[in-house]
Amino acid sequence: MSGDFGSPEGGAFARGVGFDNRLSTAAPETAQAKRTTFFGLKSSAEPKMETYEMKENPRRSMGGTGGEGNVEKGNHEHIEDVEITKSRRFWVFFTYLTTWWIPSPFLSWCGRMKRPDVRMAWREKVAICVIIVFLWAFLLFIIIGLGLILCPKENVWTMNDVNNLNTAKKAYVALYGNVYDLTDWIRQPHGITGFKTDEDSLVRFYIGKDINASFPLSARDYCSDLIPEDKGPGEKYIYPINGATQLDEDTLNIRFRHSYTDNIPSKKLSDRFFYDNTAVRELKNFKKGGVVWKFDWVNSVYKGGGRWRVINKEVFNLQPYFDAIEKSGINVNNKYNFLDSKFEDLVVRPSGFDTADITEQWGRLRWDAATRDANYNCMKKLFYVGTVDDRQSVRCLFTNYMLVAFACLLMFVVLVKFLAALQFGNKKRPSPPSKFVICQVPCYTEDEESIAKTIQSLAALEYTDKQKLIFVICDGNIVGHGNDRSTPRIVLDCLGVDPEYDPPGRDYLAIAEGSRRHNIGKVYSGLYEFEGHVVPFMVLAKVGTPDESNRSGNRGKRDSQILLMAYLNKVHFDLPMTPLELEMYHQMRHIIGIPPKNFEYLLQIDADTEVMPDSLTRLVSACSSDQRIAGICGETMLGNESQSWTTMMQVYEYFISHHMAKAFESLFGAVTCLPGCFCMYRLRNSAGKPLLIANPILEGYSELHVDTLHKKNLLSLGEDRYLTTLMMKHFPSYKLKFIQDAKCRTIAPDKWSVLVSQRRRWINSTVHNLAELLFLPDLCGFCCFSMRFVVFLDLFGTLTMPTTLIYFAYLIYVA
């Protein structure tokens, strides 16, 4: 073997672009034709040769100096104009609307984005980030902001709270409906008559209590509009000093009438407006908030005969007022009746309502505005004790209820996922079905150990050797990092292919744009012997054209998948083939001896995956028992779980993603991602209708113009997931399932940087694929019990996950 995988032998192809080129092939070489067929199956009619006209689109959006067929120099690529849909036009408009402030010359000069499509992709990323940030903001507004709007944050305390703050380290008091923190104040010396100035005395007598009695207010001074002079100019009507219930005359004189003594300790204390002029001003720096009362407690006092009333959520303790005016022998000539009689009747003789809240009745009283204001201001000064505590109202707890409802919904989904995992039990190993299976292994730059382990695991499968075909596709004539040979050479050496054997290269049309559509591949076939197994194999090495100097032959994993799928499609429909496909047909039919139409399943695995011996048998048996299964996957485990802490982190993730997520989705028959490292598709159903190789699947999956960010994420970063999406889109009546008994082991990233890079690609592809799935018209189920709802939760959770960290930080701050 010459080792030059880029040899142009076997296919006549004009290298220029811009004029008609026709692909042709010579008949299979005599030596190859005479090689023995391994399994002696009868041949069918030979396929026809397909004629291609390689005409380049003369309309170029970029990539050269203009003119028909021009290709950008140096990278063998160009971009063509295609029809732009309305949705794409809208998205482009939105993208420029959010990124207009970043000029293109800046991206070209400073960002080194010379090509318009690269600049556009960058703008699209920014636009998507803007949408995600707005989504975060909206979610945080619902969780935090909406609650603050519906129920503004209040610094309020109940009297129980104040009573508990009664130590020198935390000293609070309540005064006329307000709460003050006197922790620092009590450490200062005070001239209080009758008490020591030490902290213990102050704490013992005042802290944690209602200290209204220490600041008596003159009713005549604060309710001057309501108290006429004939009630006695020398008498001062005072707010009650304590809560005494024995209303003898002496007590009432102390509680409700006050004459200043001659030995006032200071001039400030002799001021009739001492509370407003001195106390309030001095205490304002210590104010912490207001006093609140639970309405149920206030209402219970009302029903017990107490005179507590609520007006516009303000609580008034009118008990001392009515105790004084109702005490016989004390209220001579109604001198204590200074509030309006209509209001007194409302409080004393309520009718038509059974609640302490008299807001509505207060509003219906027939009095002028001046009288109303005078009564209200008087009550607010003398009898106000706080406000109604509505922190437990539906309005204030709405966001909490909403969060609890969402949490319950998510927990319900998690519970159902857990129960879904219980549907799978250990099943007996079935007998190998009599079905032909192609085991497709795409390779790129894997090392010899990984490739050998994968091929050996396929050969050792407990499945009839002559009914499985190991089909290895080498994506380019490339030497991987750490390898001493190219990937095709490593594969051929593992399979024992003669190094001197060098088949001719065959032309085919790759999934690429411009001149990169032309590619050359070489086909090898034979038998691979391993531990008593003799398994047929085929190797397709994409070697590239002679003018390719960088990654020759490499067209991506999707091209490798399409190459085999398109070939099987043409076999099924008896369509003309490219020279490479003709060579594949010849090798498969005449050299290996298996008619291509015999194959019913395609097993897709990666080149670093080790398949467990009974896995293929279990996959095929599950599909044979249910003809509605179009695709199926098993459990992917880690083969290097103990290599580093990074791999150890992924063990649980892999387990949960299969045994909960995929198990749950399998209940709907709609697993949203059949992983390309280990899954199997049905090529056609029992009636002969193509499934994986159907035209709609191939048309959607073989998109040439990957010219938008959405397409790049679907077709370049998440091609395996997108293939699953296409199957769900075009075959909604079929099932995509998961079984836990079929297992494989794969190699996970063992370095943090590699893991982050992998997850970044996976997240991008996941978001875009879930967005595609969300709008599929035929997802099973309805409302919250539908696959659409599950997809929405996955998409929403993926996009808003960072907001949970922000919310946690907010909760810590609030706490």
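Me: What volume does the largest cavity have in this model?

Reply: About 30 Å³. Keep in mind that we're reading a predicted model. The structure holds 1 cavity of 30 Å³ or more.

Me: Which residues line the largest cavity?

Reply: Read the lining as a list of residues, then ask where they sit. Here the list is Met159, Ala174, Leu175, Tyr176, Gly177, Asp210, Val291, Trp293 and Val385. By class, you get 7 nonpolar, 1 polar and 1 charged residues.

Me: OK, now the surface. Which residues make the nonpolar patch?

Reply: Trp645, Met648, Met649, Trp752 and Val756 make it, and the patch covers about 560 Å². Helix H21 (645-667) and helix H25 (752-774) each supply at least two residues, with H21 giving the most, 3 residues. Take Trp752, found in helix H25: its relative accessibility is 46%, so Trp752 counts as partly exposed.

Me: And salt bridges, how many does the structure hold?

Reply: The general idea is that side chains of opposite charge can pair when their charged atoms come close. This structure holds 30 salt bridges. In one of them, the side chains of Arg88 and Glu124 meet at 3.0 Å, N to O. Arg88 lies in helix H2 (residues 86-99) and Glu124 in helix H4 (residues 116-150), so the pair ties together parts that are 36 residues apart in sequence.

Me: Are Arg88 and Glu124 buried or exposed?

Reply: Check each relative accessible area against the cut-off: buried means under 20%. Arg88 comes in at 17%, so Arg88 is buried. Glu124 has 2%, so Glu124 is buried too.

Me: Which parts of the chain does the Lys597 and Asp574 pair link?

Reply: These two side chains meet in a salt bridge at 3.3 Å, N to O. Lys597 is in the loop between helix H19 (579-592) and strand S19 (599-605), while Asp574 is in the loop between helix H18 (557-573) and H19, 23 residues apart. At 42% relative accessibility Lys597 counts as partly exposed, and at 53% Asp574 counts as exposed.

Me: Which residues are linked in a network of salt bridges?

Reply: Glu448, Asp484, Arg485, Arg489 and Asp493. Zoom in on Arg485 and Asp484, whose closest N and O atoms are 3.2 Å apart. Arg485 is partly exposed at 22%, whereas Asp484 is exposed at 67%.

How values were computed
Residues are numbered from 1 along each chain as its sequence is written. This is a predicted model: local features need pLDDT of at least 70, side-chain atom pairs count only at pLDDT 80 or more; totals for chains, interfaces and linings use all residues. Side-chain values use heavy atoms; hydrogens and water are left out. On a 1 Å grid over the protein atoms alone, a cavity is a set of points where a 1.4 Å probe fits but cannot get out, and a pocket is an open set with protein on both sides within 12 Å along at least five of seven lines; lining residues have an atom within 4 Å of a point. Grid points are joined across faces, edges and corners, and a volume is the space filled by probe spheres set on the points. Ala, Val, Leu, Ile, Met, Phe, Trp, Tyr, Cys and Pro count as nonpolar, Asp, Glu, Lys and Arg as charged, and the others, Gly among them, as polar. Patches are made of residues with over 30% relative accessible area and no salt bridge: like charges are joined within 9 Å, nonpolar side chains (Val, Leu, Ile, Met, Phe, Trp, Tyr) within 5 Å. Accessible areas come from the Shrake-Rupley method with a 1.4 Å probe; for residues, only the protein chains shown count as cover. A salt bridge is a side-chain nitrogen of Lys or Arg within 4 Å of a carboxyl oxygen of Asp or Glu. Helices (H or I, at least four residues) and strands (E, at least two) are DSSP runs, numbered from the N terminus. Buried means under 20% relative accessible area, exposed over 50%, partly exposed in between (1.4 Å probe, protein chains only).
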